[in-house]
Amino acid sequence: MSTKQTFKISVKKLVEFACRTGDLVSSGPAGPTAAEGQRAHRELQQLRNSNEQAEIKVTATVDIGDNQLLISGRVDLLDDNTRQPAIGEIKSCYVPPEKIPPSTKELHWAQLKIYGFCVLQKAANENQSNDDSGISLRVIWANLIDNKTTIEQAQFGFAELEEFTRRAAETYINWIKIIDSYRKRLRETAADLQFPYVNFRAGQREMAAGIYVCARDRRSLLCEAPTGIGKTISALFPSVKSIGEKHIDNIIYLTAKTSGRTAANTSIAQLQSAGLEISSITITAKKTTCHCSNGTCTRNDDGRCPLTIGFFDRLPAAQLHLISIGVISPESIDEAAHKYKLCPFELTLQMLPWATIVICDYNYVFDPLVRLSHFSDHANQTLVLIDEAHNLIDRARSMYSAKLDREQIKSAIADIDDKNSPIAKQLSGVVNSINRWSGKSDCDESEETDKPATITRAVGKCTDAMQQLTENNTPMTENIADVAKELYRYLVIEDLFGDQHRTITVKSRKFSKHGKKSLPAITVKLQCLNATDRLKRLMKQFRTTVAFSATLRPQHFFRSSLGLPENTHCMSLLSPFDSSRQASLFCDWVDTRYVARDQAIKPIVEIAHHVYRAHRGNYQIFFPSYAFMNRVHQAFVKKYPAIPTAIQQRNSDETTRRDFLQQFDDSNATLGFAILGGIFGEGVDYTGDKLIGTIIVGTGLASISLEQQLIEQDFNNSGLNGFDYASRYPGFTRVLQTAGRVIRSETDKGVVVLIDKRFNKSFYRNLFPQHWNLLNCDNTDTLNHQLQQFWSGQQSIF
């Protein structure tokens, strides 16, 4: 007698996979939060009758051929009367039940039916007398807007519920057998997988071994891996091997840039070529993939996207098609979405549970609004790889912050024809509440430790009105849709507001050409000063977290700021490149501090000219601010008009950025002016002769602002050096990232010139990478000599 293969699944997951039909329904910009739903559950459960029990676990088994499905769940309300048991399921909503889409109601009832089957199967197995009188099922809809409950009730017999559950179980078993077969091949090929290159580069073996050991031992890793090591393949190879050895089941590869996603997919393709059979998928931002978000959707007469109508009826065929591909690229998603007439972004989300590797942005794991619950389901067997991890600190602060821009809201109101409509009135109410709040202070910038309760009430009423627009399929203008996102973020962050938050009010006044002040633009921010505790809670759920980047120094700063545990293993690898191919020079006779910038312009112009003249080619000079950059650029062009220059534009679009980079083609000899820590100083590969030198002005400190002062003060209150943690360490990371644009391969050769006398202090000297061999140039003669020595190939001084 053969043993049946057993699979396990929750009632909720089974229903979501096997019982969904019909349309994809949006919950709107502000559906009920988890906390609101839980609160409604508790309140209604406390009102239950004396025979009912709350939160009761139920289980059942269904045999399908040689397979058995073990189903489990938790019932909101259960009266297990032996004559006729009864189940109640509580569902929170923002609209009356009659406005809930039929497909959503059917899903609620499907969940109840399977719960009912579980209860009746248990009664039958225990030989309790039921006489097949069945079970009473009821859905209790709790409308959170008007605090009303609506009950819908029905009777079902055991045979009917058994047949319903069997059909759902059969659908799931047929699918999970396919997935199980793929996963077996994955483990076999992962266990046999060899590194896809003949030899490891310097540093690759150490990085790969460190990740493998940490995955095996449930330990986190912080790894500084300089450019050229091949971080992506060095991270993915040992992670996949850990799957083969059954240490982990899933990998999440987090990266903030398109180039990072491309590198990850390229590395997976290399592993595939080496014999690996694996399923992976890349999440591309909704605003670029969803037709409703990128402006390419043609809605029907009811204002609905046709790709959402009948979505779940066409989904199974698309899933079957995509799972056979293995590595599901964004192009594969687009092709399948077009073939099966499905929303590309939502199709991606539906494929997540079946992919072993998911490549996506940080926000899908850490942002409280965007975070996907899928990643928490099997977190204890998941390895998280965080690429360019130095970016996560500021990103996390922004994820746990929110802001309301009064002028943006007023612009949205201007789009509404009927100024007496509910949405116009509620948006005006938000504007009025911001006016009242900002009137508390005459300062251009002010901060409070409290939340602005009056604004919160106004925002809550406005999101309720917006929910009605969604329920009525009333299309929103782009301005209103953008405001809706900001309002919803505000409510979520307001709910999370704690000791690490401050309310900051900013008033920005503009002057007319006649010198008169206009009304100020007002922004109210719920500013997160430190998201470390939030990161720590989220990372704790995963088996292993690996944070890696070319710039993670000092490591104690990044370990604590990223929320990694104290026992995190820290690695710092040496550069694989020949250090003699980079000249690292600093000019300590120039003071670039804000108070000395008038005097700094002339020497900076001369240094840039000397560097350019020493070896003609493409260079970029990076500045701490646009104002300073523009002044130096004007002075340089005036004195050296024959040298071609390019300058970064504030708020530039994709076309402008592309035009800037095109001026650094190998054949050109352009001096670029850009912002330190900006888009051209990180994440761009200037290969070959596209960049043979960078000149960095200043130590990368952030501009002085109330927000920056509060972040520094928060670190001080924690017993740390606030100036170091809030300013000097992040600033130095910007310097290293920018300097790292020069040497991108073993054949590159170039110079890094630092301009600021502070670089000669021990604080900075102790942080410089070992391979830099930093040399001080105390005047232009010394600078010229060092540059000539370097470019002539006389390496003795290095």
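**Figure 1. Hairpin of strands β5 and β6 in the predicted model.** Four residues separate β5 from β6 in this hairpin, and N147 in the turn has a positive phi of about 55 degrees. Helices (H or I, at least four residues) and strands (E, at least two) are DSSP runs, numbered from the N terminus. This is a predicted model, in which local features need pLDDT of at least 70 and side-chain atom pairs count only at pLDDT 80 or more, while totals for chains, interfaces and linings use all residues. Residues are numbered from 1 along each chain as its sequence is written, and side-chain values use heavy atoms, with hydrogens and water left out. Nine bridges pair β5 with β6 (residues 148-156) in the antiparallel sense; two strands pair if DSSP finds at least two bridges between them. W141 has T150 as its bridge partner in β6.

**Figure 2. Strand β5 and its parallel neighbour β4.** Strand β4 (residues 86-93) runs parallel to β5, with eight bridges joining the two. A86 has S136 as its bridge partner in β5. Nine of the nine residues of β5 (residues 135-143) are buried, so this strand is largely enclosed by the rest of the structure. Buried means under 20% relative accessible area, exposed over 50%, and partly exposed in between (1.4 Å probe, protein chains only). I135, L137, V139, W141 and N143 cover one side, and S136, R138, I140 and A142 the other; all are buried.

**Figure 3. Strand β13 and its pairing with β16.** Strand β16 (residues 521-528) is antiparallel to β13 and joined to it by four bridges. D405 has T523 as its bridge partner in β16.

**Figure 4. Nonpolar cores around I386 and elsewhere.** The largest nonpolar core has 137 residues, and F366, I386 and L754 have the most contacts inside it. Helix α3 (residues 102-125) gives the most to this core, with ten residues. A nonpolar core is a set of buried Ala, Val, Leu, Ile, Met, Phe, Trp, Tyr and Cys residues joined through side-chain atoms within 4.5 Å. Not counting residues up to four places away in sequence, I386 touches L254, Y362, F366, L392, M539, T545, V546, A547 and F548; contact means heavy atoms within 4.5 Å. A second, separate core of 38 residues includes V605, F636, I695 and L775.

**Figure 5. Loop residue Q663.** Q663 is found in the loop between α24 (654-662) and β22 (671-675). With 31% relative accessibility, Q663 counts as partly exposed. Residues up to four places away in sequence aside, Q663 touches N618, T645, A646, N668 and T670. The C-alpha atoms of Q663 and K690 are 8.9 Å apart in space, and the two residues are 27 residues apart in sequence.

Figure 6. R553 and P554 are joined by a cis peptide bond, with omega about 0 degrees. P554 is found in the loop between β17 (544-549) and α21 (555-561). K246, in the loop between α6 and β8 (250-254), has a positive phi near 65 degrees and is exposed, with a relative accessible area of 63%. E388, in the loop between β12 (382-387) and α15 (392-399), has a positive phi near 50 degrees and counts as partly exposed at 21% relative accessibility.
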